[in-house]
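Dear colleague,

Here is the structure we spoke of handing over, with the sequence alongside. Please keep it open while you read the notes that follow.

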Amino acid sequence: MKSKNSAKISLAICILCTVLLAVMICTFPMFIRWMYFSYHDMHNETIYQEQIFHALIPAFYCCVPFAACSLYMLIRILMNILHGNIFTVKNVKYFRWISWCCYAVTLITFGFSVRYMPIFVIGAATGIVGTLLRVVKNLMQSATQMREENDLTI
């Protein structure tokens, strides 16, 4: 019962993140400009506006398909969990694809970090998350194989 509630909360968070991603797709350039000018006015520092805008905005829009794909697969995994289908080949495939999406974002952000170095941190974080998801995928794959073997022995 407790795990079902946790899965429902996680599903709600994933749906909220999907909505936020849709909002950010429409408002990201305005948001970045607002953040830049808020920081610039507050600290009286000259940051290269063109460098930031020409790195963050294209990097964000290049990463959007991978983020949307990952959110979709997370929602599918959570729906499978709510239906009692936890250790399945589909969930293993979803984890595999989510990890590859993380690695794609890592490569994209590393590429754009040439223009604006702080993006490198995002790339490093998604690389670590991708690796953690590969470990979870391997655990799910082993558990799925064990479940299939147990189903055959009965």
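Helices (H or I, at least four residues) and strands (E, at least two) are taken as DSSP runs and numbered from the N terminus. By that numbering, isoleucine 15 belongs to helix H1, which covers residues 2-43. The model is a predicted one, in which local features need pLDDT of at least 70 and side-chain atom pairs count only at pLDDT 80 or more, while totals for chains, interfaces and linings use all residues. Residues are numbered from 1 along each chain as its sequence is written, and side-chain values use heavy atoms, with hydrogens and water left out.

For exposure, buried means under 20% relative accessible area, exposed over 50%, and partly exposed in between, with a 1.4 Å probe and protein chains only. Isoleucine 15 is partly exposed, at a relative accessible area of 43%, and its C-alpha lies 31 Å from that of phenylalanine 37, 22 residues away in sequence.

Helix H4 runs over residues 119-153, and its 35 residues should span 51 Å at 1.5 Å a residue, which agrees with the 51 Å between its end C-alpha atoms; the expected span is 1.5 Å times one less than the number of residues.

Lysine 137 deserves a look. Although buried, lysine 137 has no salt bridge, and the nearest side chain of opposite charge, glutamate 148, is 14 Å away. Here a salt bridge is a side-chain nitrogen of Lys or Arg within 4 Å of a carboxyl oxygen of Asp or Glu, and Lys and Arg count as positive and Asp and Glu as negative, with His and the chain ends not counted. Setting aside neighbours within four places in sequence, lysine 137 is in contact (heavy atoms within 4.5 Å) with Val92, Phe95 and Arg96.

In helix H3 sits phenylalanine 110, which is partly exposed at 31% relative accessible area. Not counting residues up to four places away in sequence, phenylalanine 110 touches Phe120, Gly123 and Ala124. Its C-alpha is separated by 8.5 Å from that of isoleucine 122, 12 residues apart along the chain.
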